[in-house]
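Notebook open, structure up on the screen. I want to jot down what I look up as I go.

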Amino acid sequence: MTEQQRDQPAGRQPTGAPMSPGDEAPEGTPGTGLAICPSCGGSGRVDGRECAECEGTGKVNVGIGGA
Ligand SMILES: [Zn+2]
């Protein structure tokens, strides 16, 4: 299996894509989607502090998987 770098019309940069620690892939990656952060339950905060998994967004980008 080879992984080729593709030029995307959208011009998304390979680096600098906004990713949170809880993200499995950068937002917009095919086959992935935003889901409620399992760490904070979507509130974006844990114990009164910004959730480290979603960085306070309450959402993480994860692989949707399945057909
Ligand atoms: Zn979170």
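This is a predicted model: local features need pLDDT of at least 70, side-chain atom pairs count only at pLDDT 80 or more; totals for chains, interfaces and linings use all residues.

First, a term I need: I call two residues in contact if their C-beta atoms, placed from the backbone, lie within 7 Å.

Entry, overall layout. Along the sequence I read the pattern as β-β-β-β. The chain has 67 residues, and 16% of them count as buried.

Entry, the core. Which residues make up the largest nonpolar core? I get five: Cys 37, Cys 40, Cys 51, Cys 54 and Val 60. I then picked Cys 37 and listed its contacts, skipping neighbours within four places in sequence. Cys 51, Cys 54 and Val 60 are among them, and so are Gly 22, Gly 42, Glu 53, Gly 58 and Lys 59.

Most residues other than glycine have a negative phi. I went after exceptions and wrote down two.

Asp 47 isn't a glycine, yet its phi is positive, about 55 degrees. I found Asp 47 in the loop between β2 (45-46) and β3 (49-50). Asp 47 is exposed, with 6 other C-beta atoms within 10 Å.

Glu 55 also has a positive phi, about 60 degrees, without being a glycine. Glu 55 sits in the loop between β3 and β4 (59-63). Is Glu 55 exposed or partly exposed? I put Glu 55 down as partly exposed, because 18 other C-beta atoms lie within 10 Å.

Definitions and conventions:
Residues are numbered from 1 along each chain as its sequence is written. A nonpolar core is a set of buried Ala, Val, Leu, Ile, Met, Phe, Trp, Tyr and Cys residues joined through C-beta atoms within 7 Å. A residue is buried if 20 or more other C-beta atoms lie within 10 Å of its own, exposed if 12 or fewer, and partly exposed in between; C-beta atoms are placed from the backbone. Helices (H or I, at least four residues) and strands (E, at least two) are DSSP runs, numbered from the N terminus.
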